[in-house]
Structure formats: C-alpha cells, structure tokens
Amino acid sequence: MAVLILLLAGGYLSVQNSRVQTYLTQMFANQLSKQIHSKITVGKVNIAFFNKIILNDVLVEDQKSDTLFYTQKLLAKIDTLRI
C-alpha cells in the first residue's frame, strides 16, 4: 500500500514539473502533427495549480509549411469551479 501511495505522489509531483509538462506536451504535439500532416511545436509549458496554462513559442503550420499561427506566449485560465 505504501508503494502505491509513493508512486501516486511521485507521479503527481512529476506532472507539476515544467520540464515534464513540456515533454508530455511536445509528445502530444508530435503525435498530432503526424496525424494531420502539419507541423505543430510548443517550446515550453507551465501549468500552475491546474487553473492556468502557459505555452511558450507555439507554432502551427499548414500542410504546405506556411505559418498559420505563432505566438511567443499563450495564456489560458481555467475556471475549475465551473467544471
């Protein structure tokens, strides 16, 4: 039982780390890029207390490699009370 609690706590703490968040988001962006045959990249991710998401250096290209969207910083706030 203690091992399970340690694994869950370790997983939770890992997901709070910006490097882990960035790695997971980049993996997701790569998979999505392959599925839609377009380039999607995210430079850095920071999720703060599950109510704010900050994405840095977000790039979305079309299938002809033209830039559809680019921003240095994308901020989204989540109202957890409505969920």
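A residue is called buried when its relative accessible area is under 20%, exposed when that area is over 50%, and partly exposed in between, using a 1.4 Å probe and counting protein chains only. By that rule Ser 33 is buried, because its relative accessible area is 13%. Before we walk on, keep in mind that this is a predicted model, where local features need pLDDT of at least 70, side-chain atom pairs count only at pLDDT 80 or more, and totals for chains, interfaces and linings use all residues. Residues are numbered from 1 along each chain as its sequence is written, and side-chain values use heavy atoms, with hydrogens and water left out.

Let's start with the helices. Helices here are DSSP runs of H or I with at least four residues, strands are DSSP runs of E with at least two, and both are numbered from the N terminus. Helix H1 covers residues 2-15, and Leu 4 sits in it. With 47% relative accessibility, Leu 4 counts as partly exposed. Leu 4 also belongs to a nonpolar surface patch of about 480 Å², together with Met 1, Ile 5 and Leu 8. For such a patch, residues need over 30% relative accessible area and no salt bridge; nonpolar side chains (Val, Leu, Ile, Met, Phe, Trp, Tyr) are joined within 5 Å, and like charges within 9 Å. A salt bridge, in turn, is a side-chain nitrogen of Lys or Arg within 4 Å of a carboxyl oxygen of Asp or Glu. The areas come from the Shrake-Rupley method with a 1.4 Å probe, and for residues only the protein chains shown count as cover.

Next comes helix H2, residues 18-36, which holds Ile 36. Ile 36 is partly exposed, since its relative accessibility is 38%. Ile 36 and Gln 63 are 27 residues apart in sequence, and their C-alpha atoms are 8.2 Å apart in space. Leaving aside residues up to four places away in sequence, Ser 33 touches Ser 38, Lys 39 and Ile 40, where contact means heavy atoms within 4.5 Å.

His 37 is not a glycine, yet has a positive phi of about 55°. His 37 counts as exposed because its relative accessible area is 60%.

Now for the sheet. Three strands form an open sheet in the order E1-E2-E3, with antiparallel pairing. The edge strands, each pairing on one side only, are E1 (40-48) and E3 (67-77). On average, neighbouring strands of this sheet are turned by 5° against each other, direction ignored; axes are lines fitted to C-alpha atoms, for helices over the stretch in contact, and angles run from 0 to 180 degrees between N-to-C directions. Two strands pair if DSSP finds at least two bridges between them.

How many bridges join E1 to E2? There are 8, and strand E2 spans residues 52-61. Thr 41 stands opposite Leu 59 in E2, and Asn 46 has Ile 54 in E2 as its bridge partner. Between E2 and E3, which also run antiparallel, there are 9 bridges. For Asn 56, the partner in E3 is Lys 73. The hairpin of E2 and E3 has 5 residues between the strands, and Ser 65 in this hairpin takes a positive phi near 65°.

Strand E2 also contains Asp 57. Here phi is near 55°, a positive value in a residue other than glycine. Asp 57 is partly exposed because its relative accessible area is 37%.

We finish on strand E3, with Leu 75. A relative accessible area of 45% is why Leu 75 counts as partly exposed. Setting aside residues up to four places away in sequence, Leu 75 touches Lys 52, Ile 53 and Ile 54. Leu 75 and Ser 33, where we began, are 42 residues apart in sequence and 21 Å apart in space, C-alpha to C-alpha.
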